[in-house]
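Subject: Structure for you to look at

Hello,

Here is the structure I said I would pass on. Please open it first, then read the notes below it.

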Amino acid sequence: MTINYYEMKDLKNLYLEDSFVLSIDEFEGEIVFSMDFVLNENHPLYFEPSSEENYCYRKGKIKFTEPEVVRWIKRNENRTTDINGEVDFGNIDTFIKSDDEKYVLSGDWGKLEISPKDIIIEYE
């Protein structure tokens, strides 16, 4: 049985399909997705978006710590620039956890299979 990100405690109040991946950085013992998160109305940091925004956005990170498995199935370095000149790698279209404790994430930036010790969500 697979579990979607919105069924996971720390991710359930995010809308990743419209959040933006700003960068993906690989460090010793950690992979970090820098994000412009879309927060849903049940998120404790949620605020009403301005009239120019469709969503409540908040910058932050998804940190995958001490991964045992890191397998890039596909990788794409293409970036998109929006009308404000901000650069991103698109969205996270899928983020699922499998029975064997592996997570599979995919989007325009690629597809990653990872088996971390922990997933930490941080907000700026």
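Glutamate 53 sits in the loop that runs between strand E3 (30-39) and strand E4 (56-65). Keep in mind that this is a predicted model. With a relative accessibility of 40%, glutamate 53 counts as partly exposed. On the surface, Glu53 belongs to a patch of negative charge, together with Glu52, Asp82 and Glu86.

Next, the salt bridges. The whole structure was searched, and nine were found. One of them pairs lysine 117 with glutamate 66, where the closest N and O atoms are 4.0 Å apart. Lysine 117 is in the loop between strand E10 (110-115) and strand E11 (118-123), while glutamate 66 is in the loop between E4 and strand E5 (69-75), so this pair ties together parts that lie 51 residues apart in sequence. Lysine 117 counts as exposed because its relative accessibility is 62%. Glutamate 66, at 48%, counts as partly exposed.

Another salt bridge joins the side chains of glutamate 101 and lysine 97, at 3.2 Å from N to O. Lysine 97 has a relative accessible area of 18%, which is under the 20% cut-off, so lysine 97 counts as buried.

Aspartate 100 and lysine 102 also meet through their side chains in a salt bridge, at 3.8 Å from N to O. Aspartate 100 is partly exposed at 46%, and lysine 102 is partly exposed at 24%. Elsewhere, Glu26, Arg75 and Glu77 form one network, joined by salt bridges that share partners.

Regards

How values were computed:
Residues are numbered from 1 along each chain as its sequence is written. This is a predicted model: local features need pLDDT of at least 70, side-chain atom pairs count only at pLDDT 80 or more; totals for chains, interfaces and linings use all residues. Side-chain values use heavy atoms; hydrogens and water are left out. Patches are made of residues with over 30% relative accessible area and no salt bridge: like charges are joined within 9 Å, nonpolar side chains (Val, Leu, Ile, Met, Phe, Trp, Tyr) within 5 Å. Accessible areas come from the Shrake-Rupley method with a 1.4 Å probe; for residues, only the protein chains shown count as cover. Lys and Arg count as positive and Asp and Glu as negative; His and the chain ends are not counted. The place of a charge is taken as NZ of Lys, CZ of Arg, CG of Asp or CD of Glu. Helices (H or I, at least four residues) and strands (E, at least two) are DSSP runs, numbered from the N terminus. Buried means under 20% relative accessible area, exposed over 50%, partly exposed in between (1.4 Å probe, protein chains only).
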